[in-house]
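This briefing goes through one protein model, topic by topic. Keep the sequence and the 3D view open while reading.

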Amino acid sequence: MAASLLALSFLAALQSCSAGGSAADGAGVTKDPPGEGPKLPTNGTGSGTPSADNPFMIDDRSLVDENGKPRNVGTEALCDGLDENMNGIIDDVDKGKDGLCDCLHIGFLGELASDAGNKTGAFESWLNARSDVPVKHVGARDTLTPEVLADLQVLVIGNLRQRGTAGYSAAELDAFRQWIEAGGGVISLAGYTANANDMLPTVQLLAPTGLSYQYQGLGAGVLGVVMNGPPPVIVHGIVVPDHPTVAGIKALGVFNAYPVIGDGTVIVREGTYNLAMAKEIGGGHVYAFADEWITQDALWMPQTRPQTPCQQNCTQCTNQCNNCDTQCANCQLQPCEGGQQAASDGGVCRRGCDQSCTQCTTSCQTCQQACTACSALEQDDTLDIPRFWLNVLRWLTPANECQVPVPDRIVY
């Protein structure tokens, strides 16, 4: 129904624009009399070059496609609070086509670094490099007021330990709730410290949303290192694979983590533990995630991710096989037993090093087989943390603001 109404309003706009003639500029967009909006070029396409007269790039003159989805998403070029390409979305600007809206106002509440000192600079740098709007930092001790939240579209709740057990006042909680209901999007993270009481401010802040965390009596969390492997723990329990936040995601990495509880839709579950829940409240969205490692450089930057035991063994196997190749090549240079000469027809003679070369080659083949087997089991363990964040940020943003497509290939 909404798509039909939008389409009708769009057609009415076209008819209104065609009701009077005016001079066309060099970009192929007709300038309108005062008080009227820009007109679509007659062929339905724009020049693709933004300017004061043409701050958008039209690719098709239809407002919606055959599935009722808006067209031209991500084709605007200015963050000005307007819907220049008339697709029902304000400021859908993505000049780099990287999947992050250039106009999105993101806030970090508290610190994103964990108690262990894990670095998170790569995450924020990645966001700032792809946006015209720098991330806004709100301290854990700062008072949450309507004014603080007013210019934010998405808020990431991090480590609120510095807030202390005093928590938030009723006025702050009310301001936070009203901001969400008016269209704000929030994602909360957990597990920053080994002290469960540090979760109190986050739990209190989420209380009006109906979501929370199970943290009391769980120490540092529930999913620690298993089988002597390095963190994180790879989880595959995508419960709702068609939810926008996990589109294209096969696995996520967590370390310890506090289970999410409440009346939201469970998105990720490992065993009996809910690791992510999503919920719509009024015009806004809330996403509670059980861990903080999705912001850590150890997961965010591929080159710094710890190797799994399988990967470590495969590396050792490769080194072993290279040593075998060198050993066997050197063996061929050794004299034959009893001074015998190598056959001139290409045959080989016996050498004292032949047996050790054979043993080494056999061992190499065995470890290669084991590597192939364990690597096959890990083929769905690829962590695509940037895609997950782009998905979540897009879902948290109001449907008629700053929506841009997430590309098939995401560059770190």
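The model is predicted, and the protein chain has an average pLDDT of 80. It holds 10 disulfides, and three of them, joining helix 7 to helix 8, are described here.

**Confidence**

- A pLDDT of at least 70 is reached by 75% of the residues.
- Residues 1-62 stay under 50 in pLDDT, although the model has 80 contacts beyond four places in sequence for them.
- Where pLDDT is low, the predicted coordinates should not be read in detail.

**Helix 8 and its cover**

- Helix 8 runs over residues 354-377 and has 24 residues.
- From first C-alpha to last, helix 8 reaches 35 Å, which is close to the 34 Å expected at 1.5 Å a residue.
- The buried residues of helix 8 are Cys 357, Cys 360, Cys 364 and Cys 367.
- Helix 7 (309-332) is included in what covers these buried residues of helix 8.

- Cys 310 and Cys 374 form a disulfide with an S to S distance of 2.0 Å. This pair links distant parts of the chain, with Cys 310 in helix 7 and Cys 374 in helix 8, 64 residues apart.
- The torsion about the S-S bond of Cys 310 and Cys 374 is about 75°, so this disulfide is right-handed.
- Cys 314 lies in helix 7 and Cys 371 in helix 8, so the pair ties together parts that are 57 residues apart in sequence.
- The link of Cys 314 and Cys 371 is right-handed, with 115° about the S-S bond. Cys 314 is buried, at a relative accessible area of 13%.
- Cys 324 is joined to Cys 360 by a disulfide with S to S 1.6 Å. The pair links distant parts of the chain, Cys 324 in helix 7 and Cys 360 in helix 8, and they are 36 residues apart.
- With -90° about the S-S bond, the link of Cys 324 and Cys 360 is left-handed. Both Cys 324 and Cys 360 are buried.

- Strand 3 (residues 154-157) pairs with strand 1 (residues 106-109) in the parallel sense over 4 bridges.
- Which residues of strand 3 are buried on each side? Val 154 and Val 156 are buried on one side, and Leu 155 and Ile 157 on the other, which leaves both faces of strand 3 covered.

**His 243**

- His 243 sits in the loop between strand 6 (233-235) and strand 7 (252-254).
- Its relative accessibility is 12%, so His 243 counts as buried.
- The side chain of His 243 makes a polar contact of 2.9 Å with the side chain of Thr 245.
- Neighbours within four places in sequence aside, His 243 is in contact with Ile 267, Ala 278 and Trp 395.

**Ala 257**

- Ala 257 lies in the loop between strand 7 and strand 8 (260-262).
- Ala 257 is buried because its relative accessible area is 0%.
- Neighbours within four places in sequence aside, the contacts of Ala 257 are Ala 220, Gly 221, Val 222, Ala 290 and Asp 291.
- The C-alpha atoms of Ala 257 and Leu 189 are separated by 9.2 Å, and these residues are 68 residues apart along the chain.

**Ser 125**

- Ser 125 is found in helix 2 (residues 121-129).
- At a relative accessible area of 47%, Ser 125 is partly exposed.
- Ser 125 and Val 135 are 10 residues apart in sequence, and their C-alpha atoms are 9.3 Å apart in space.

How values were computed:
Residues are numbered from 1 along each chain as its sequence is written. Side-chain values use heavy atoms; hydrogens and water are left out. Helices (H or I, at least four residues) and strands (E, at least two) are DSSP runs, numbered from the N terminus. Buried means under 20% relative accessible area, exposed over 50%, partly exposed in between (1.4 Å probe, protein chains only). A polar contact is a pair of N or O atoms within 3.5 Å; within protein, one must be able to donate a hydrogen and the other to accept it, and residues adjacent in sequence count only if both atoms are side-chain atoms. Contact means heavy atoms within 4.5 Å. The expected span of a helix is 1.5 Å times one less than its number of residues. A disulfide is a pair of cysteine sulfur atoms within 2.5 Å. pLDDT is the predictor's confidence in each residue, from 0 to 100. Two strands pair if DSSP finds at least two bridges between them.
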